[in-house]
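Please look through the sequence and the model shown below before reading on. The report then takes up one topic at a time, beginning with a single loop.

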Amino acid sequence: MKQIRTEDAVGHVLCHDITQIIKGVTKDAVFRKGHVVTKEDIPVLLSVGKEHLYVWEKDENMLHEDEAAAILYEICAGKNMHGSDVKEGKIELIADIDGLLKIDRAHLAAVNSLGEMMIASVHGDFPVKKGDKLAGTRIIPLVIEKEKMDAARKAGGETPIFNILPFQHKKVGIVTTGSEVFKGLIKDTFGPVIKAKVGEYPTEVIGQIYCDDDKAHITDAIMTHIKNGADLVICTGGMSVDPDDCTPGAIADTGARIVTYGAPVLPGAMMLVSYYEKDGHTIPVLGLPGCVMYAARTIFDLVLPRVMADDEITAQDIAMLGEGGLCLNCEVCTFPKCGFGK
């Protein structure tokens, strides 16, 4: 850094805060470290007694923090989001729509591993709402080598690190199994829970079919929903390993591709995720364990947002839920602002 006359400081970068003190009124920085001095700033600087300033010496191989933040934003920002105004070398990403946040975790880690720069975000694969803050970017020093930011561009990959997938409107068919419900011996308490949860998304429940514990009947019910235009079929009941629990087999008999039967998540270990292909369309068919009926949050809350955004789930995705897959059943549930599923 170097000392220069305030009148000669236009275009230079301040190395320190400039504080204004007015007794009984204010004691605060009128300009922060890193501020680029403009012509209009000169009278203000002189009015607070700054006839000389310490500024960074200009170097064509260095970038100011605001310039570097813009590059990080460019690396990060994908579909359906925008950036905040740059402030003190930081730009934040803001959601433009309700949807599912997707993060390229490998490239995020690659950029953050370079040092002297950072990208901090909320968790991916969770729903976000329009206006939500998604991430913040900045460099650590006040200035940084252009070469370092070129390396960040390379580390960030060819596509943006963050994207928001919009939720898709879906027609939902529900299949409720269990002879006790089918015969009217007990009241169905599963259906209302499913309707409430899918109701948080752009959905239309096109029907609920009750089945006894006959595998062929369950398969027929699933296919009836699909023939009637369902974009998502949800099966409840009959998901454990008891001999008369045949919902997994009934789903398999539709010809659906089973992604996983079982998940490292509690509550929700007996979850089944599958996809049925029809006329070039992929229709998720889910088998929900009984815990979804009574537990506040389960694996269904982790899977449903991805299903609603047409973000296909793999067996590896389910396997990775093990870390963070234990719900602590807190007295006051704060999901998703907790560790469940993360």
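Asp125 sits in the loop between β9 and β10. The model is a predicted one, and in it the phi angle of Asp125 is near 65°, which is a positive value in a residue other than glycine. Asp125 counts as buried, because its relative accessibility is 17% and the term buried is used for values under 20%.

## Cis peptide bonds

The bond from Leu266 to Pro267 is cis, with omega near 0°, and Pro267 belongs to the loop between β17 and β18. The bond from Phe335 to Pro336 is likewise cis, with omega near 10°, and Pro336 is part of the segment after α11.

## Strands and their partners

Strand β11, which covers residues 133-139, has 5 buried residues among its 7, so this strand is largely enclosed by the rest of the structure. Strand β7 (residues 91-95) pairs with β11 in the antiparallel sense over 4 bridges, and in this pairing Ile94 stands opposite Lys133 of β11. Strand β9 (residues 117-121) also pairs with β11 in the antiparallel sense, here over 5 bridges, with Ala120 standing opposite Gly136 of β11.

An open sheet of 3 strands is arranged in the order β10-β8-β13, and its pairing is antiparallel. Its edge strands are β10 (127-128) and β13 (162-166), each of which pairs on one side only. Strand β8 (residues 99-103) is joined to β10 by 2 bridges, and these strands run antiparallel; within this pair, Gly99 stands opposite Val128 in β10.

Across the whole structure, a search finds 19 salt bridges. In one of them, the side chains of Arg153 and Glu74 meet with a distance of 3.7 Å from N to O. Arg153 is in helix α4 (residues 146-155) and Glu74 is in helix α2 (residues 65-76), so this pair ties together parts that are 79 residues apart in sequence. Arg153 is partly exposed, with a relative accessible area of 35%, whereas Glu74 is exposed, at 52%.

Another salt bridge links Lys170 with Asp310, and the closest N and O atoms of this pair are 2.7 Å apart. Because Lys170 lies in strand β14 (residues 170-177) and Asp310 in the loop between α10 (299-308) and α11 (315-319), the pair ties together parts that are 140 residues apart in sequence. Lys170 counts as buried, with a relative accessibility of 5%. A further salt bridge joins Glu277 to Arg257, whose closest N and O atoms are 3.8 Å apart. Glu277 belongs to strand β18 (residues 272-278) and Arg257 to strand β17 (residues 257-261), so here the parts tied together are 20 residues apart in sequence. Glu277 counts as partly exposed at 46% relative accessibility, and Arg257 is also partly exposed, at 37%.

## Patches and a contact at the surface

Asp59, Glu60, Glu145 and Glu147 gather on the surface in a patch of negative charge. Of these residues, Glu145 has its place in strand β12 (residues 143-145), and its relative accessibility of 37% makes it partly exposed. A nonpolar surface patch of about 330 Å² is made by Met1, Tyr54 and Trp56. Tyr54 is part of strand β4 (residues 52-55), and it is partly exposed, with a relative accessible area of 40%.

Lys227 lies in helix α7 (residues 215-227) and counts as exposed, at 65% relative accessibility. Although Lys227 and Lys278 are 51 residues apart in sequence, the distance between them in space is 9.5 Å from C-alpha to C-alpha.

Notes: Residues numbered from 1 in each chain as written. Predicted model: local features only at pLDDT ≥ 70, side-chain atom pairs only at ≥ 80, totals over all residues. Heavy atoms only, no water. Patch = residues over 30% accessible without salt bridge, like charges linked within 9 Å, V, L, I, M, F, W, Y side chains within 5 Å. Areas by Shrake-Rupley, 256 points an atom, 1.4 Å probe, with all protein chains shown as cover. Salt bridge = Lys/Arg side-chain N within 4 Å of Asp/Glu carboxyl O. Lys, Arg positive; Asp, Glu negative; His and termini not counted. Charge placed at Lys NZ, Arg CZ, Asp CG, Glu CD. Buried < 20%, exposed > 50% of the residue type's maximum accessible area, 1.4 Å probe, protein only. Pairing = 2+ DSSP bridges.
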